[in-house]
Amino acid sequence: MTEQTSDDKTSPDYETIIIGAGVGGIYQIKRLTDLGVNATVLEAGEDLGGTWFWNRYPGARFDSESYTYGYSFSKELLDEWHWKERFSGQPENLRYLNYVADKFELRQYMQFNCRVDVMRFDEAANIWRLELNDGRTLTSRVVITALGLLSIPTPPRLPGMDSFEGQAFHTFNWPAEPLDLSDKRVGVIGTGATGIQVIGEIADKVGDLTVFQRRPNWSAPLNNGPISEEEMDDIRSRYDEIFAQCKRSPGGFEHTPDRRGFYNVSRQERLELWDRLYDEPGFGIWLQNFLEIFIDEEPNEEFSEYIAGRMRARVNDPEVAEKLIPKDHGFGYQRVPMETNYLEAFNRENVHLVDISEHPIEEVTAAGIRTTAAEHDLDIIVFATGFDAITGAFDKIEIHGADGAILAEEWKDGPSTYMGSLITGFPNLLMLAGPQSGSASANFPRGIEMGVDFATEVLEHVWETGAERFESTPEADAEWTAHVAEMYQMLLLRKAKGWFTGYNSNVEGHEEGSFRPMVYNGGFPKFQAKLDEVVNNDFKGIVFS
Ligand code: NAP
């Protein structure tokens, strides 16, 4: 690995620098080093794995079927790896990513504890200069960002956050060393996908659990289970078919919508489908359902009421059940949290639900959390309060493009990109699952393979043509951004208050009412077709010079 640091060389240190050694960075470095490209991965963390390195909270696991999550690029890898659970947990997922990196000897191209603070595009030399936290400056012809969608955790902005005398951390920063929860009084703030996983997992392992819920969330049972050797053999024999199916489905999962049409079947038939899906593993309840549910209010209301009924049946105290059922949005407006024993947790004597929409948190105190109604003494506070999604990781780096453009300023009111991969005014920069990418809203590795393959095709064109600089045109960015915004209008998702629409109450400017077109919702087949259209039309929308 080269580690030159001087600023004034004519040839850059690297042809390509990849930022981030998670699922995307690992596959991208594999593709580039297979092509013999002088490339490196810079990773802020002390090891690889991205999402699966950081999120060590109890209950963290896939909501994608494990065998649809793994990389598809190597038959040998597919034959070797045995997914032990249908929805594999964080420790196993991290082991898998390490196995991949070791098998293909990719660690040699990775540099850890290496945070990029500043990136400047040098227009005279057509290279990027990257300033790192360790004092080095590295140069590269091209930068590929693999920053992750949800890598900037956002704890709440509450008075007294520093005064708490117990342990407090965001789920993203759950301690790596074992944490004894028995006899502890634990408070969890947040009931999104993460909170729902943590709460279901720790309820019977802690002394006392207090859940601080602002808005309830819809959820559905994960119905996880083991995968035997025989089942894994069967899966291996079907991998081609499985991945082909993922490519055909809107979200990159095995599941495809029920095309019979909500209104074309009787209520009885709808109920039969829903009863079946609720008890089946994974996202079927969301993605094998009738499409109308996610487009029209009326079918959505009927289905939401069905789910509410299933929820009531699982919670003993009717008052608690009502508090757990969302009233301000319908089921499946956005990605549905999948749970294991979440609702049953509230039937336990040691679990208490505090409705902070009724009695907001006033402050964090030395002893715990005080709401307008009561003081809750705690030993541990867990912030399951979400992320500054997608653009947050870009905002953390000071990115200077051409003509003095600064990315955080350009994106102040929302991102604008071409295919979620390129940005006008920021030459020689490619994003994996950047904002507005179709790779971002689905079964992540299926999307990331799409993104990496596209980025690699762009670069191969650069190398074939000998171009020194490439970037998308302002027209291409404007058209794509308008298209992304338009796709939201077709879905009830447009009404969601969550990271898909750029909402986050803990980030200035992202509070309620600030809609941002963050992801492409046209579905995988359409996104792939759009990427192919770019490649097959002489990379239309991208200027090479
Ligand atoms: P999230 O969906 O943004 O949920 C954050 C939760 O914290 C919400 O309940 C929110 O309440 C609450 N909250 C935020 N700030 C608060 C504050 N200041 N005071 C009180 N409550 C506050 O975040 P997440 O649960 O981490 O999930 C994010 C995404 O990660 C998911 O959509 C999913 O894509 C992904 N994920 C996937 C898995 C998986 O199974 N593979 C697991 C976990 C996460 P409000 O609704 O009122 O804002």
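**Close-up views of a predicted model**

**View 1. Lining of the second largest pocket.** In this predicted model, 33 residues line the second largest pocket. Nearest its centre lie Pro 250, Leu 291, Leu 491, Asn 521 and Gly 523. The second largest pocket holds about 770 Å³ of space.

**View 2. Helices at the second largest pocket.** Helices H10 (284–287) and H18 (524–536) each supply at least two residues of the lining. H18 gives the most, with three residues.

**View 3. Surroundings of Glu 43.** Glu 43 sits in the loop that runs between strand S2 (39–42) and helix H2 (51–54). Neighbours within four places in sequence are left aside here.

**View 4. The buried charge of Glu 43.** Glu 43 is buried, yet has no salt bridge. Where is the nearest side chain of opposite charge? That side chain belongs to Arg 56, and is 10 Å away. A salt bridge would need a side-chain nitrogen of Lys or Arg within 4 Å of a carboxyl oxygen. The side chain of Glu 43 instead reaches a backbone atom: the nitrogen of Ala 21, at 2.7 Å.

**View 5. The largest cavity.** The structure has four cavities of 30 Å³ or more. About 70 Å³ of space lies in the largest cavity. Its lining includes Asn 217, Trp 218 and His 329. Gly 330, Gly 332, Tyr 333 and Gln 334 also line the largest cavity, along with Arg 335, Val 336 and Pro 337.

Definitions and conventions:
Residues numbered from 1 in each chain as written. Predicted model: local features only at pLDDT ≥ 70, side-chain atom pairs only at ≥ 80, totals over all residues. Heavy atoms only, no water. Helix = DSSP H or I, 4+ residues; strand = E, 2+ residues; numbered from the N terminus. Buried < 20%, exposed > 50% of the residue type's maximum accessible area, 1.4 Å probe, protein only. Lys, Arg positive; Asp, Glu negative; His and termini not counted. Polar contact = N/O pair within 3.5 Å; in protein donor to acceptor, adjacent residues only side chain to side chain. Contact = heavy atoms within 4.5 Å. 1 Å grid on protein atoms, 1.4 Å probe; cavity = no way out; pocket = protein on both sides within 12 Å on 5 of 7 lines; lining within 4 Å. Points joined across faces, edges and corners; volume = space filled by probe spheres on them.
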